[in-house]
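Welcome! Let us read a structure together, one feature at a time.

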Amino acid sequence: MQFPKARRPRRRLRDPIHEHRSFHRTESRIAVAGHPIHAMLVAFPIALCVSTLGADAFYWWTGDPFWPRVALWAAGVGFLMGILAGLAGTAELLLVPGIRIRAASWTHFILAVMLLALLGANWGIRWGDPAAAVLPWGFLTSLLATGMTGMTGWHGGKLVFDYGLGTQADHDDSPRGERN
Ligand code: HEM
């Protein structure tokens, strides 16, 4: 004779981070009327990094000494605006509990610091002789920095649009399949 198996209560996996009381406190603190300053500032390093690459490519193509000066200025202003954006982002990271608690925020921070180092290098190598610095190292550094900008920017967008960081939205960042 076979006895029915005793039913054991089903145990669900618990994510202690998700259950932490500060998990949903993601609203931006470094903001103007609720609009995060970091998001406003990042447009500058992104656009100026791509502009540096464009100026390098135009110099390679035309040999016109105007372009290395454009690249020098674009790289410098891009780096300084990147530092400002990074300071706003870092303040957000440290001050907002729901941002600080997520591993993804720290991934973005690490990517961003590597990017800022590249942007600084791309400016520094042009100081002495901007035209001589373009080929090959200026161009290659611009290319690498543009790729890194794409990754950092994409990941920043993920923080906002997937996790709702910096927003007031009542978001749900449970794995995609579990969303209802
Ligand atoms: C250095 C430290 C940085 C930290 C700690 C940081 C942190 C953050 C945080 C917390 C957010 C979520 C939105 C918010 O709360 O403002 C964000 C968004 C974002 N970040 Fe950063 N960030 C840093 C640097 C950068 C840099 C250098 C870039 C340039 C590529 C960048 C690109 C972005 C983008 C594109 C978004 C999405 C903005 C939006 O669409 O609203 N971040 N970042």
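This is a predicted model: local features need pLDDT of at least 70, side-chain atom pairs count only at pLDDT 80 or more; totals for chains, interfaces and linings use all residues.

Q: Which residue ranges does UniProt give for the transmembrane region feature?

A: UniProt positions are given in the numbering used here, with shortened feature names, and annotations may be inferred rather than shown by experiment. The unreviewed entry places "transmembrane region" at residues 39–61, 73–96, 103–125 and 131–151. In the model, residues 73–96 are 96% helix and 0% strand, with end C-alpha atoms 34 Å apart. Residues 131–151 are 100% helix and 0% strand, and their end C-alpha atoms are 28 Å apart. Helices (H or I, at least four residues) and strands (E, at least two) are DSSP runs, numbered from the N terminus.

Q: What does UniProt list for residues 34–168?

A: The unreviewed entry lists "domain: DUF2231" there. This span is 84% helix and 1% strand, and its end C-alpha atoms lie 9 Å apart.

Q: How are two packed helices described?

A: By the angle between their axes and the distance between the axes. Axes are lines fitted to C-alpha atoms, for helices over the stretch in contact, and angles run from 0 to 180 degrees between N-to-C directions. Here the axes of helix 4 and helix 7 come within 8 Å and cross at roughly 75°. These two helices are therefore roughly perpendicular to each other (under 35 degrees is roughly parallel, over 145 roughly antiparallel, 65 to 115 roughly perpendicular, and the rest oblique).

Q: Which residues meet between helix 4 and helix 7?

A: Residues are in contact if their C-beta atoms, placed from the backbone, lie within 7 Å. Pro68, Arg69, Ala71 and Leu72 of helix 4 meet Pro130, Ala131, Val134 and Gly138 of helix 7.

Q: Is Met81 buried or exposed?

A: A residue is buried if 20 or more other C-beta atoms, placed from the backbone, lie within 10 Å of its own, exposed if 12 or fewer, and partly exposed in between. Met81, found in helix 4, is buried because 20 other C-beta atoms lie within 10 Å. Not counting residues up to four places away in sequence, Met81 touches Leu41, Phe44, Pro45 and Leu48.

Technical notes:
Residues are numbered from 1 along each chain as its sequence is written. Two residues are in contact if their C-beta atoms, placed from the backbone, lie within 7 Å.
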